[in-house]
Amino acid sequence: MVSLKIDGRETQAEPGTTVLEAARSLGISIPTLCHHEGLPPYGACRICVVEVSAGGRIRIESSCTRPVEEGIEVWTDTEKIRGYRTLIAELLLARCPDSERVQEVARDVGVTETRFEKKEEECILCGLCVRACQDAMGTSAISFVNRGYARKVDTPFSINSETCAGCGACAKVCPTGAIQIEDVNGKRIIRYFHTELELEQCPECGARFVSKKFQEKTDADQKASEELRHLCPDCRRKRASRSLREHMVY
Ligand code: SF4
Ligand code: FES
């Protein structure tokens, strides 16, 4: 276990735990926006910043990406941190003034208005959609593109994605509502990512309920795990690596 101090309280945490997790386990509240418990941390929004004293230096770091470390001391609610969070909340509010989630996070840190020019952007570049697609669904249909002001999340070449299965995970995690899924006339449309997919139809009632591509992917995954179910862990590994080799494209 790793020993550290948070807001003056001694605590211990498993190695690999983040400062955010360690603080929350003590009941200390830290605001977050780009953090999702089921996805790897990314550190995009910086609203979760804390002060960390390590190796004789005090730094401002995002608590969702900072792993605990033996002997460090963390402060989650100093004047400096409150000022930093206020600035971040105002910048987020200026970028996406209509996002309810952004407004809520801003309110949590005492911000209801912004002194910056409002931009009416749809996306705060939190990267949740990219991580949901890549890490939760294993698809990588979208990614960050461009730099600076032109940075955004998009499909390759900004056209209909060949790999998107229309699962909707990106829309589910998006805090601003930028990504919307529309099921219209037998098609699943994800305008934000220029993508349209055919929907599967229920043979009983005719309802369209899931994209054909996602159904095929789920069926294939189920078949694969069914085939492996009766094998011992060793043979399962061998079979999986054999099938990986067979499916590799050179
Ligand atoms: S589209 Fe939504 S989830 Fe994706 S980066 Fe932008 S705000 Fe985050
Ligand atoms: S929640 Fe930690 S950087 Fe966004």
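Begin with the second largest cavity of this predicted model, which holds about 90 Å³ of space; a cavity here is a set of points on a 1 Å grid over the protein atoms alone where a 1.4 Å probe fits but cannot get out, and its volume is the space filled by probe spheres set on the points, which are joined across faces, edges and corners. Select C123, C126, C129, C174 and T176, the closest to the centre among the 13 residues that line the second largest cavity, where lining means having an atom within 4 Å of a point. That lining divides into 11 nonpolar, two polar and no charged residues, with Ala, Val, Leu, Ile, Met, Phe, Trp, Tyr, Cys and Pro counted as nonpolar, Asp, Glu, Lys and Arg as charged, and the others, Gly among them, as polar.

Next, select C133, A141, C164, C167 and C170, which lie nearest the centre of the largest cavity, one lined by 15 residues. Its volume is about 120 Å³, and the lining comprises 10 nonpolar, five polar and no charged residues. The search of the whole structure finds two cavities of 30 Å³ or more.

Then move to residues 2-6 and 9-13, strands β1 and β2, which pair in the antiparallel sense over five bridges; strands are DSSP runs of E, at least two residues, numbered from the N terminus, and pairing needs at least two DSSP bridges. Within this pair, L4 stands opposite T11 in β2, and in the hairpin, with two residues between the strands, D7 takes a positive phi near 50°.

Residues are numbered from 1 along each chain as its sequence is written, and chains are lettered from A and ligands numbered from 1 in the order in which they are written. Local features need pLDDT of at least 70, side-chain atom pairs count only at pLDDT 80 or more, and totals for chains, interfaces and linings use all residues, while side-chain values use heavy atoms, with hydrogens and water left out.

Conventions: 1 Å grid on protein atoms, 1.4 Å probe; cavity = no way out; pocket = protein on both sides within 12 Å on 5 of 7 lines; lining within 4 Å. Helix = DSSP H or I, 4+ residues; strand = E, 2+ residues; numbered from the N terminus.
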